[in-house]
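Dear colleague,

Here is the structure for your files. My notes on it follow below.

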Amino acid sequence: MEHTTEWRIRLDLSEDGGTTKARAVLDTGATTVTGQGVARCAPGDQDVPVIGDEFAAGRALRDLGERLIGTAERDVATRGSGPEPRRSPMYGWEL
């Protein structure tokens, strides 16, 4: 069974006073899933907005991914099956 689809992710970033917020929204065409991320510049650090963007965006995308995995696990459970155990390490560390 072949299946091809396109999902779109919109990533919005805003920075105010050393705090960067990110919102990642996945649009599947049938539903949306949203992830959030925040980055704060430490008081002694140089304020480099692009670094805050990178941290906040990465955290929002990671949150989005975890939410999407949770949705898939619940969908599998509603069909009477349990999810397969994760075989790949999360964040580069062995399970």
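Which residues does Val33 touch, not counting residues up to four places away in sequence? They are Ala24, Val25, Leu26, Leu64, Arg67 and Leu68, where contact means heavy atoms within 4.5 Å.

Before the rest, some notes on the basis. This is a predicted model, in which local features need pLDDT of at least 70 and side-chain atom pairs count only at pLDDT 80 or more, while totals for chains, interfaces and linings use all residues. Residues are numbered from 1 along each chain as its sequence is written, and side-chain values use heavy atoms, with hydrogens and water left out.

Overall: the protein chain has 1 helix and 3 strands, in the order β-β-β-α along the sequence. Helices (H or I, at least four residues) and strands (E, at least two) are DSSP runs, numbered from the N terminus. Of the 95 residues, 18% count as buried; buried means under 20% relative accessible area, exposed over 50%, and partly exposed in between (1.4 Å probe, protein chains only). The accessible surface comes to about 7,500 Å², and carbon and sulfur atoms hold 52% of it (Shrake-Rupley method, 1.4 Å probe; for residues, only the protein chains shown count as cover). Among contacts with a separation of 6 or more, 36% are between residues 24 or more positions apart.

Core: Val33 is also one of the 8 residues of the largest nonpolar core, with Ala22, Ala24, Leu26, Ala39, Ala56, Ala60 and Leu64. Two or more of these residues come from each of β2 (19-27), β3 (32-40) and α1 (49-78). A nonpolar core is a set of buried Ala, Val, Leu, Ile, Met, Phe, Trp, Tyr and Cys residues joined through side-chain atoms within 4.5 Å.

Surface: Ile9, Leu11, Leu13 and Leu61 form a nonpolar patch with about 330 Å² of accessible area together. Patches take residues with over 30% relative accessible area and no salt bridge, joining like charges within 9 Å and nonpolar side chains (Val, Leu, Ile, Met, Phe, Trp, Tyr) within 5 Å; a salt bridge is a side-chain nitrogen of Lys or Arg within 4 Å of a carboxyl oxygen of Asp or Glu. Strand β1 (residues 8-16) gives the most to this patch, with 3 residues. Leu61 lies in helix α1 and counts as partly exposed because its relative accessibility is 39%.

Asp53: this residue is in helix α1. Leaving aside neighbours within four places in sequence, Asp53 is in contact with Leu13 and Thr20.

Regards
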